[in-house]
Amino acid sequence: MNQRWICPTCGAGCLAPSRPRLDDVRRYCLTCSKRTGRLVQRVCPAQERARQAATARRADKVARQQAKAKADAYSWPQVLHVYFRRWRKLDAWEGTYPERSTLVVRHSQVKGHSSGHCALWTGRIVVTTSDDPGASLATLLHEMAHAASREGHTPRFHAILLTAIEEVAGERALPVSRHSRFAFQQSVRVVMRRWIERVGLLQPPVPVPKPAL
Ligand SMILES: [Zn+2]
Ligand SMILES: [Zn+2]
């Protein structure tokens, strides 16, 4: 494909292939070369623009990757997994916490909405986090109480969960009654929020930077 090559000194140009041979006379402005006594090379503005655009794209991509790595380093999945590992050993479970219990963390698209699910048989927990740490950790502990008790929302489940909350946060949540499940959940969140304010949210370990290629 022919492109326009221009002399940077006099501005005169010609059409030449995008990669002319080194001894191709179209690479050089002969008028200016004769005048200065040295070879004056023409430049190809289209190629310069393409090169600059590629450099900008690369810089942009690196910046996006760095921003994402930084966000990931402090994101919920890691924090929740650290608490999940710690809380498996709570006394509240009385040694019944299932070995094979696993955690999957998803991030909620709805701001402030955290929800969870626990497969009672396997102890596989899925927690959808929100940006509210109290709510997300309350959800995790709730699901872990399901895994430990292998029961749904039974009185025994609630008793175990209350004990676990007290063990974690040093404070009792509202006892649950048949009519106050919502109030109970709210009070669990409040207790967890207060606890996080007191002790500070755990910071996940900063990942070891990958060696530059
Ligand atoms: Zn020239
Ligand atoms: Zn539940």
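Here are a few friendly notes on this predicted model, taken element by element.

1. Confidence first. The protein chain has an average pLDDT of 86, and 88% of its residues reach at least 70. Among its elements, helix 1 (residues 30-36) has the highest mean pLDDT, 94, while helix 2 (residues 45-73) has the lowest, 83.

2. Three strands form an open sheet in the order 3-5-4, with mixed pairing. Strand 3 (102-107) and strand 4 (115-119) are at the edges with a single partner strand each, so one side of each has no neighbour in the sheet. From one strand to the next, the twist averages 15°.

3. Strand 5 (residues 124-129) and strand 3 run in the parallel sense and share six bridges. Here you will find Leu103 opposite Ile125 in strand 5.

4. Helix 3 lies across strand 3 and strand 5, at about 155° to strand 3. Helix 4 touches strand 4 and strand 5, and its direction makes about 15° with that of strand 4.

5. The two helices also meet each other. Helix 3 (residues 76-87) packs against helix 4 (residues 133-149) at an angle of about 40°, and their axes are 11 Å apart. That angle makes helix 3 oblique to helix 4, and their crossing is right-handed.

6. Which residues make this contact of helix 3 with helix 4? From helix 3 come Trp76, Leu80, Tyr83, Phe84 and Trp87, which meet Ser136, Leu137, Leu140, Leu141 and Met144 in helix 4. Nine of the contact residues are nonpolar, one is polar and none is charged.

Notes:
Residues are numbered from 1 along each chain as its sequence is written. Chains are lettered from A and ligands numbered from 1 in the order in which they are written. This is a predicted model: local features need pLDDT of at least 70, side-chain atom pairs count only at pLDDT 80 or more; totals for chains, interfaces and linings use all residues. pLDDT is the predictor's confidence in each residue, from 0 to 100. Helices (H or I, at least four residues) and strands (E, at least two) are DSSP runs, numbered from the N terminus. Axes are lines fitted to C-alpha atoms, for helices over the stretch in contact, and angles run from 0 to 180 degrees between N-to-C directions. Angles under 35 degrees count as roughly parallel, over 145 as roughly antiparallel, 65 to 115 as roughly perpendicular and the rest as oblique. A crossing is left-handed if the near helix is turned anticlockwise from the far one by less than a right angle, and right-handed if clockwise. Two residues are in contact if their C-beta atoms, placed from the backbone, lie within 7 Å. Ala, Val, Leu, Ile, Met, Phe, Trp, Tyr, Cys and Pro count as nonpolar, Asp, Glu, Lys and Arg as charged, and the others, Gly among them, as polar. Two strands pair if DSSP finds at least two bridges between them.
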